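Please read it alongside the sequence and the structure shown here.

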Amino acid sequence: MTTYLAILIGCLYAAGIYMILRRSLFKVILGLVLLAHGANLLIFTAGGLKRDAQPPIIAPGQFAPTATLADPLPQALILTAIVIGFGVLAFALVLFHRAYQTFGSDDSDDLRE
Amino acid sequence: MNLLLVLPLIIPLTVAAISLAAWNRLRLQQYLAVGGTAALLIAALALVASLWHGDRIIVMQVGSWPAPYGITLVADLLSGIMVVLTGLMGLAVTIYSLSSMDRPRASFGYYPLLNLLLMGVCGAFLTGDIFNLYVWFEVMLMSSFVLLALGGEPAQLRGAIKYVTLNLISSAFFLAAVGILYGVAGTLNMADLAEKFNDEPAHAGLVTTLGMLFLIAFGIKAALFPLFFWLPASYHTPPVAISAIFAGLLTKVGVYALIRVFTLLFVFEQGFTHHLLLILAGLTMVTGVLGAAAQNEFRRILSFHIVSQIGYMVMGLAIFGLTTSPALKVLALAGSIFYIIHHIVVKTNLFLLSGVAERLGGSFDLKRLGGLYKNYPGVSLLFLIPALSLAGVPPLSGFFAKLALVQAALATQHYAIVAIALVVGLLTMFSMTKIWAEAFWKAAPADGAPAEGAPVKKGPQAAPLIQSAPSVRRLLVPIGALAAITIMIGLAAEPIFELTVRAAEQLVNREQYIRAVKGTAP
C-alpha cells in the first residue's frame with residue numbers, strides 16, 4: 001500500500017510541477033492544487049499506514065490500548081492543511097482571474113512589463 | 001508571565017476583529033491600528049525585559065497539554081527581539097499609512113489586514129511547534145497576498161502572481177517536510193525534535209535531507225540565492241507603506257525560521273549543512289548587490305539590497321555551524337541577530353523614504369528624480385542616515401553588525417566570505433551613492449515629462465513641488481524616529497550587542513531550550 005501511495009504521490013508532484021512550469025496561468029493554479037494534494041497524501045503516508053488498526057479509543061475500564069491503533073495526528077495535520085490550502089487557493093483563483101480580466105490573457109508571457 | 005507570551009498574538013487579533021466589525025468607520029480603524037501597534041510594541045518590550053532579567057525562556061503549553069502533545073508557545077530572547085521589531089515596524093508603518101494610504105485601499109480593509117499580518121509574524125516568532133509554524137506562516141502569507149494585491153493595479157497583479165505562486169510552492173515544500181519529519185521522528189514539537197536529533201539520529205541521512213527541504217522552503221521565504229526572484233519582482237509594486245512592512249519583516253521571518261531549525265534541529269551534520277549555508281550566503285550577497293547595481297528604480301534597488309543583506313544574516317548562521325568553539329558560535333549568531341535588528345529598522349526606513357522622494361519628485365525612477373537636496377536638505381539628511389548605515393559606515397548600526405560578522409568569520413578563518421562581505425559592503429555604498437547622486441544631488445531633470453500628478457515645473461531650476469512639502473511633514477515623523485533609532489543602535493552598540501550575545505547564548509545552549517519546554521533535563 002505504501003509503495004502504491006508513494007508512486008501516486010510522485011505522480012502528483014511530477015504533474016503539479018509540470019503544470020506550474022506551463023505558461024497558462026490556469027494550469028499554474030491546477031499545478032498548485034496537485035502539489036497541495038501531493039503534500040497532504042505524503043503526510044498521510046509518512047505518518048505510517050497500518051492495516052487492521054483501530055481508532056485510538058481506550059475501552060472503559062482499561063488504561064492502555066489493547067489493539068493496534070491508527071495514529072490520528074497525521075489526519076489532523078492534513079485536515080488543517082486542507083482548510084488552509086482551500087482558502088489560499090480560493091484567493092489565488094480570484095487573483096489569477098482578475099489578472100486574466102485585466103490583461104486579457106492567461107499567458108504568463110503577456111504579463112511582462 | 002504567560003500573558004506576556006500571548007499578548008503579541010491577542011492584541012493584533014483583537015484590533016483586526018474590531019476593525020472588521022467597524023468596516024465603515026475608517027477613523028476608528030486608524031485609531032485602533034495606532035493604539036494596537038503601540039500596545040504590541042509595549043507588550044513586546046515587557047516580554048524582552050522579563051526574559052532579560054530572568055535570563056530564561058518563557059514557555060506556555062496551550063490548553064495545558066504537556067509539551068510533546070500540545071502546541072507550545074516559546075519565547076527566548078531571539079523571539080522577543082523579533083517581536084519587539086515587529087511591534088516597532090507595525091507602529092512606524094501604521095503612522096506612515098495614516099497620511100500616505102489612499103482612501104480606497106484604507107477603507108477596504110487595509111488596517112485589519114495589516115494587523116493580521118503582524119499577528120502571523122508574531123505567531124511565527126513565538127511558536128515552539130513546527131506544524132504550528134506552518135500555520136502561522138500561512139496566516140502571514142494570506143494577509144500579505146491580499147495586501148500585495150489590494151488595489152488591483154496591473155503592476156500589482158503582475159507582482160502578486162509571482163509572489164503567490166512562489167510562496168505556495170514554498171508552503172507545499174514546508175508541508176511535505178513537516179509530514180516526513182513526523183513520520184521519521186513521531187513528534188513535531190521543536191524541543192522534542194531537538195532532543196531526538198541530539199546526537200546522530202536514527203535516520204541521519206533522511207533527517208539531513210529533511211533539513212534541505214526546510215532550507216528550500218524557508219530559503220524561498222527568506223529570498224536566499226537562488227530562490228529570491230519573486231522578491232524584486234513584487235516588492236516595488238504595492239503602495240510604499242505595504243512594501244515597507246514587507247521589506248522589514250517578511251523575509252526576516254524566513255531567516256528567523258532558518259536560524260531556529262539550523263541551531264536547534266539540524267545540527268548533527270554541520271560540516272555539510274552549514275557549509276552549504278555559507279556558500280549560499282556568499283552567493284546571495286553577491287547576486288543581490290549586483291542585481292541592485294543594474295536597477296534604476298528606487299524601490300527595486302532597495303529590493304535587491306534586501307536579498308544581498310539576507311546573505312549577511314545567513315553568514316552568521318553558517319559560521320555558527322562551522323566552528324566548535326562556543327565563544328565563536330555565540331559571536332557569529334550575535335552578529336546575525338544584530339544584523340537582523342539593524343536591517344529591519346534601516347530597510348523599512350529606506351522604503352518609507354522612497355515614498356517621500358516619490359511625493360516630492362513625482363516618481364520612483366531615479367532618472368526622473370533630482371534636486372531633492374537643493375530643495376529639501378532635511379529629507380536628504382534623513383535619507384543619508386539609513387543609507388550610510390546600510391552600507392556599514394561607522395558609527396551607524398550597520399557597521400557594528402558587519403564588524404561582529406567579519407570578526408567571527410576571521411576567527412574561524414573563512415577568509416573568502418570576509419572578502420565577499422567587505423566587497424559587497426563597498427558595492428552597497430556604490431548603490432546608495434547612486435540613489436543619492438541621482439535623486440538628491442543632481443539638478444532636477446529639465447526635460448522629460450513630469451510624472452503624472454506632479455505639478456508642472458516652471459524651469460530647470462524652479463523649485464519643484466514646494467507646495468506639497470507640508471503633506472510630507474507627517475510622513476517624516478516615523479522616518480525621523482527610525483533614523484533616530486538607527487543612530488541610537490550605533491551609539492549604544494554595546495548594550496544592544498550584549499542583548500544579542502545573550503540571545504545567541506540561548507540559541508547555542510540547546511539544552512536550556514529543551515529543558516524549558518519539556519520541564520525535564522534532557
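In this predicted model, 28% of the 113 residues of chain A count as buried, whereas buried residues make up 62% of the 522 residues in chain B.

**Chain A**

- The secondary structure of chain A comes to three helices and zero strands, and the order of its elements, read from the N terminus, is α-α-α.
- Chain A is more spread out than a compact globule, because its radius of gyration is 20 Å, well over the 13 Å that the globule rule gives for 113 residues.
- Taken along the principal axes, the C-alpha trace of chain A spans about 70 × 25 × 15 Å.
- Among the contacts in chain A with a separation of 6 or more, 54% are between residues 24 or more positions apart.

**Chain B**

- Chain B has 21 helices and two strands, and its C-alpha atoms fill a box of roughly 75 × 55 × 40 Å along the principal axes.
- The radius of gyration of chain B is 22 Å, which agrees with the value near 24 Å that a compact globule of 522 residues would have.
- For chain B, residues 24 or more positions apart account for 79% of the contacts with a separation of 6 or more.

**Where the chains touch**

- The contact takes 28 residues from chain A and 23 residues from chain B.
- On the side of chain B that touches chain A, helix H5 (130–149) and helix H6 (154–185) each supply at least two residues, and H6(B) gives the most, with 16 residues.
- The residues on this side of chain B divide into 17 nonpolar, four polar and two charged.

**A helix pair within chain B**

- Helix H2 (residues 26–54) and helix H3 (residues 77–100) of chain B have axes that come within 8 Å and cross at roughly 160°, and that angle makes H2(B) roughly antiparallel to H3(B), because angles over 145 degrees count as such.
- The crossing in which H2(B) passes H3(B) is left-handed.
- Residues of H2(B), including Ala33(B), Leu41(B), Val48(B) and Leu51(B), meet residues of H3(B), among them Leu77(B), Val84(B), Leu91(B) and Leu98(B).
- The contact of H2(B) with H3(B) is made up of 18 nonpolar residues, six polar residues and no charged ones.

Conventions: Residues are numbered from 1 along each chain as its sequence is written. Chains are lettered from A and ligands numbered from 1 in the order in which they are written. This is a predicted model: local features need pLDDT of at least 70, side-chain atom pairs count only at pLDDT 80 or more; totals for chains, interfaces and linings use all residues. Axes are lines fitted to C-alpha atoms, for helices over the stretch in contact, and angles run from 0 to 180 degrees between N-to-C directions. Helices (H or I, at least four residues) and strands (E, at least two) are DSSP runs, numbered from the N terminus. Angles under 35 degrees count as roughly parallel, over 145 as roughly antiparallel, 65 to 115 as roughly perpendicular and the rest as oblique. A crossing is left-handed if the near helix is turned anticlockwise from the far one by less than a right angle, and right-handed if clockwise. Two residues are in contact if their C-beta atoms, placed from the backbone, lie within 7 Å. Ala, Val, Leu, Ile, Met, Phe, Trp, Tyr, Cys and Pro count as nonpolar, Asp, Glu, Lys and Arg as charged, and the others, Gly among them, as polar. The radius of gyration is taken over C-alpha atoms; the globule rule is 2.2 Å times the number of residues to the power 0.38. A residue is buried if 20 or more other C-beta atoms lie within 10 Å of its own, exposed if 12 or fewer, and partly exposed in between; C-beta atoms are placed from the backbone.
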